[in-house]
Amino acid sequence: MNLDWYKELDIDYKKVKKVLFVCTGNTCRSPACEYYFNSMTGWFSSIKAFSRGSVERSEAIPMELSVKKVIGDRKLLKNLYEHTATKYSEKDFKDADLVFTMNEESRDNLKKEFPIFKEKIFTLKGFIGQQEFSNKNLEVQNPFVFDKPKEGTKEYYTYIQNYANIIEGEIKPLIRRLVEILFLLKK
């Protein structure tokens, strides 16, 4: 694996201890990233993740119970059941060594809001793919839909499976790759 792109960034990877994941509501994508990152790095020199959202808790839409049931990973389910959506603060950005957003708009907004921390804010997909500033799609899909289909319909089944597909097919592999990259850079 070519690590030159990462080495050109102004980051001391040997000192990375805290990783922050940010999504909109802090109810699905960022807590799933936090869970998988922490479960994959337990052996790895005390590096930990935490997650936050860009909206107030009262505005966050909780993941519904039926969606939680189909995810499949019992430990992730426990983590999501116990998780409380939390909006980010400036302290979170001070504490984090790296910050990963789920899309470009969030990344850009955070860089404007916290310009002092802009060098450590990336989209998750952009950092993994070394294409942070390209025109490629850097969004981790948001599984939430406002017009939830009626329970028991084919559309509802598709809606629920969408959560599982995003977590298992997109988030988990991205986090696995991120852990691999950080491990190689910390050597």
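Author: What follows is a set of questions about labels, with answers that set values against definitions.

Author: Please keep in mind throughout that this is a predicted model.

Reader: What makes the pair of Trp5 and Tyr6 edge-to-face?

Author: A pair of aromatic rings is described by the distance of the centres and the angle of the planes. The centres of Trp5 and Tyr6 are 5.0 Å apart, which is within the 6.5 Å needed for a pair, and their planes stand at 90°, which is over 60 degrees, so the pair is called edge-to-face. The structure holds 17 aromatic pairs.

Reader: How do you know whether Phe114 and Phe117 are buried or exposed?

Author: Buried means under 20% relative accessible area. Phe114 has a value of 7%, so Phe114 is buried, and Phe117, at 11%, therefore counts as buried too. Tyr6 has a relative accessibility of 0%, so the label buried applies to Tyr6 as well.

Reader: What makes the charged end of Lys87 sit over the ring of Tyr88?

Author: The distance part of the definition asks for NZ of Lys within 6 Å of the ring centre, and the charged end of Lys87 is 4.0 Å from the centre of the Tyr88 ring.

Reader: Why are E1 and E3 said to pair?

Author: Two strands pair if at least two bridges are found between them. Strand E1 (residues 18-23) and E3 are joined over four bridges, in the parallel sense, so they pair. Here Phe21 stands opposite Phe100 in E3, and both Phe21 and Phe100 belong to one aromatic cluster, which also includes Trp5 and Tyr6. E3 and strand E4 (residues 121-123) have three bridges, again parallel, so they pair by the rule of at least two, with Val99 opposite Ile121 in E4.

Reader: Which way do the side chains of E3 point?

Author: In a regular strand the side chains alternate between the two faces of the sheet. From strand E3 (residues 98-101), Leu98 and Phe100 point one way and Val99 and Thr101 the other way, and all are buried.

Methods. Residues are numbered from 1 along each chain as its sequence is written. This is a predicted model: local features need pLDDT of at least 70, side-chain atom pairs count only at pLDDT 80 or more; totals for chains, interfaces and linings use all residues. Side-chain values use heavy atoms; hydrogens and water are left out. Rings of Phe, Tyr and Trp (its six-membered ring) pair if their centres lie within 6.5 Å; planes under 30 degrees apart count as stacked, over 60 as edge-to-face and the rest as tilted. Buried means under 20% relative accessible area, exposed over 50%, partly exposed in between (1.4 Å probe, protein chains only). A charge sits over a ring if NZ of Lys or CZ of Arg is within 6 Å of the ring centre and within 35 degrees of the ring normal.
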